[in-house]
Amino acid sequence: MKNPAYLLLILTIGLFFQCKKDSANEEVTPQPEIVIPVDETQILRKLTVPEAESITFDSVGSNFLIKLPAAFSGDEININLSLYDDVKLLDSASIETTNTALKFLYKGSRPLTLFLKKNGLAAPGRYYIYVEAQGDPKIELTSKEISIRQGVSYIPLKIISGLGTLPSRPEMINPVIRLSDRTTNTVFEGTVQNILQNIYFEDITSLINSTSVGLELTFEGASPLNFEGLQVKRGLPGASISNLPFTFVKADTLKLIGGYFDPKSTYTVGLTNDFSQGQKILNLTFQAKENLTADFTTDIPEGSYLATFYENGKEMGKGAFEFSTSKTNTLETIWKGDLNQVFKRNTQPLIFNKSDMFYAKPSLAQYVWGSNLPASSFDIKLLPTLRLASGGNTINIAPEIEVISWAVAGVSYAVGKYKLPENLSSGSYTVTALYANQPESKPYWSKMQVR
């Protein structure tokens, strides 16, 4: 009989070689997770994407590059974040959220920007997520008809596979998009806006009557994609108020920009607010394919108005302004969410909850030349106190300063940040502005519905 120790040795050697053999045959699985190097800010610990083949991180640009497997063609990926305890993710409305499991519709979209706010830091940290798909882009055109309007036109493209974000890498050049009149060989080049389907063209009205239009898409490192037999049609125009002043007097002219406007169409603007019945209609006069104007009539009451623009009775845009006998400080816009909405006037009714934070931009606006300026650069006395009145219930809400920078213009704005009291009664409130040494403003066009 063999020695038991000898048999144990033979068995151990056999198991060792079997394990080596199994290890060699086992597929190497991707590691779709990356741990962020610890730095002094300590904002983001880890990022995980189950669908990824690999993830790389560039600490200089705070960029993540997610590479997808060749076989993956799903429309979205799952991004899971691990944050430090004193860090919160900001959602698209710049509001803190506890949700750290994100779904990203990446195909043909801009890279995703993560805004992470850490206690004690004035500005949120930013991380950028690029997604790279493997293979050449496979794209279909779902309709032969393209509806155009001035500025951004929608191209009915369906992305099948081979395309991640645009760009898919920080150094990648943008795709080239061309519409061509095959009869005259006239070429119009466009640029991608927020997603691949939204393309900006300078002016392609001459293509409306063309009987042979082609579309060419060229992505870096791939052969051009060509689509033929397209038909370009004029879509319902978009329209907005071009005037910088918020307050108009009777002698002013309301000017709209947009297009493409048609001299044979009928254009009107309807004025409404929560303090008058029905719409006051003004006729708009065609000036050019991108300009309409209206003169004010003498029977328009003073006040803040929501303006709705129509072509042949179909709505083509909205705006807001105040009509007055004199230009004084008032409320230009009130909104909740993303601070960048300061650059446009809110045309949605105010529907808030108790304890909500929101913003109000005064007119005239307070601004200082320079970017990323501290609140101390501005005078809080120039921001209004808001008065909310409902029946016999009236409260005043004092402002805090919130600064938003317009980096392209090199200027920073100060707007008021306000919070509704937790014990505020539900109801419909008239909102006015109280400025130092000035009369109470006219009511904002929308009452505030507090739920």
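1. Strand β32 (residues 385-390) and strand β33 (residues 393-397) are joined in the antiparallel sense by five bridges, where strands count as paired if DSSP finds at least two bridges between them, and where strands (E, at least two residues) and helices (H or I, at least four) are DSSP runs numbered from the N terminus. S390 has N393 of β33 as its bridge partner. The two strands form a hairpin with two residues between them, and G391 in that turn has a positive phi of about 60°.

2. The model is predicted, and local features need pLDDT of at least 70, side-chain atom pairs count only at pLDDT 80 or more, and totals for chains, interfaces and linings use all residues. Residues are numbered from 1 along each chain as its sequence is written, and side-chain values use heavy atoms, with hydrogens and water left out.

3. The secondary structure of the chain comes to one helix and 37 strands. The radius of gyration, taken over C-alpha atoms, is 29 Å, well over the 22 Å that the globule rule (2.2 Å times the number of residues to the power 0.38) gives for 451 residues, so the chain is more spread out than a compact globule. Along its principal axes the C-alpha trace spans about 115 × 65 × 40 Å.

4. Of the 451 residues in the chain, 42% are buried, with buried meaning under 20% relative accessible area, exposed over 50% and partly exposed in between (1.4 Å probe, protein chains only). Among contacts (heavy atoms within 4.5 Å) between residues at least 6 apart in sequence, 62% join residues at least 24 apart.

5. An open sheet of four strands has the order β1-β2-β5-β8, and its pairing is antiparallel. At the edges stand β1 (33-35) and β8 (101-105), each with a single partner strand, so one side of each is left without a neighbour in the sheet. β1 pairs with strand β2 (residues 44-48) in the antiparallel sense over three bridges, and I34 has L47 in β2 as its bridge partner.

6. T293 has its place in strand β25 (residues 291-295) and is buried, with a relative accessible area of 16%. Not counting residues up to four places away in sequence, T293 touches T253, L254, K255, N283, L284, T285 and Q287. The side chains of T293 and Q287 are joined by a polar contact of 2.9 Å, a term that covers a pair of N or O atoms within 3.5 Å, where within protein one must be able to donate a hydrogen and the other to accept it, and residues adjacent in sequence count only if both atoms are side-chain atoms.

7. Some backbone geometry deserves a look. Most residues other than glycine have a negative phi, and most peptide bonds are trans. The peptide bond from L166 to P167 is cis, with omega near 0°, and P167 is found in the loop between β14 (157-161) and β15 (176-181). A cis peptide bond also joins S363 and L364, with omega about 20°. N312, although not a glycine, has a positive phi of about 50° and is partly exposed, at a relative accessible area of 49%.
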